[in-house]
Amino acid sequence: MLSKKTKYGLKALAYLASQKDKKPVQISEIAEKENISQKFLESILLSLRKTGFLGSKKGKGGGYYLLKTPEEISMTDVMRVLEGPIAMVPCVSLNFYESCDDCPDEQACSVHKLMLQVRDSALEVYRKNTLRDIIS
């Protein structure tokens, strides 16, 4: 299941991407328009800023803004930052691989085989979509 952090992060990115003037947007505005707790949203936007998706400006006229165009923001990258590994089990993760303690042979494991397919299907969807695609 998608975490609230990821859901709200996607909603905030989509809100910023849909702004016509591309000026910084205050957290309070995003929180109100997208019905997100402002305190929770602050931590999400900070994480997106630290990972290079957002910039921020302090003071009058300040707020958050996209550092890249919506076409340049891949859903694969967003999902990895907000949700963590895309794979549901560590033995099929591309970036966070770990063997499972309870599995002596990955190649013979039925769960491993199924989760490879699930991971690949999810990756295909994420790779085919950018922030532009989800706001269009």
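1. Helices here are DSSP runs of H or I with at least four residues, strands are DSSP runs of E with at least two, and both are numbered from the N terminus. With that in hand, Met88 sits in the loop between H4 and H5.

2. Some ground rules before you go on. You're looking at a predicted model, where local features need pLDDT of at least 70, side-chain atom pairs count only at pLDDT 80 or more, and totals for chains, interfaces and linings use all residues. Residues are numbered from 1 along each chain as its sequence is written, and side-chain values use heavy atoms, with hydrogens and water left out.

3. Back to Met88. Is Met88 buried or exposed? Buried means under 20% relative accessible area, exposed over 50%, and partly exposed in between (1.4 Å probe, protein chains only). Met88 counts as exposed because its relative accessibility is 61%. Together with Leu114 and Val118, Met88 makes a nonpolar surface patch of about 280 Å². (Patches take residues with over 30% relative accessible area and no salt bridge, joining nonpolar side chains within 5 Å and like charges within 9 Å; a salt bridge is a side-chain nitrogen of Lys or Arg within 4 Å of a carboxyl oxygen of Asp or Glu; areas come from the Shrake-Rupley method with a 1.4 Å probe.)

4. Now take a look at Ser93, in the loop between helix H4 (75-83) and helix H5 (110-127). Ser93 has 9% relative accessibility, so Ser93 counts as buried. A polar atom of the Ser93 side chain lies 2.9 Å from the backbone nitrogen of Phe96. Leaving out residues up to four places away in sequence, Ser93 touches Pro85 and Ala87 (contact means heavy atoms within 4.5 Å).

5. How many disulfides are there? The count comes to 0, where a disulfide is a pair of cysteine sulfur atoms within 2.5 Å. Cys91 is buried at 8% relative accessibility, and Cys109 is buried at 18%.

6. Last stop: Lys68, in the loop between strand S2 (63-66) and H4. Its relative accessible area is 38%, so Lys68 is partly exposed. Not counting residues up to four places away in sequence, Lys68 touches Gly52, Phe53 and Ile73. Check Leu131 too: Lys68 and Leu131 are 63 residues apart in sequence and 10 Å apart in space, C-alpha to C-alpha.

Notes. Polar contact = N/O pair within 3.5 Å; in protein donor to acceptor, adjacent residues only side chain to side chain.
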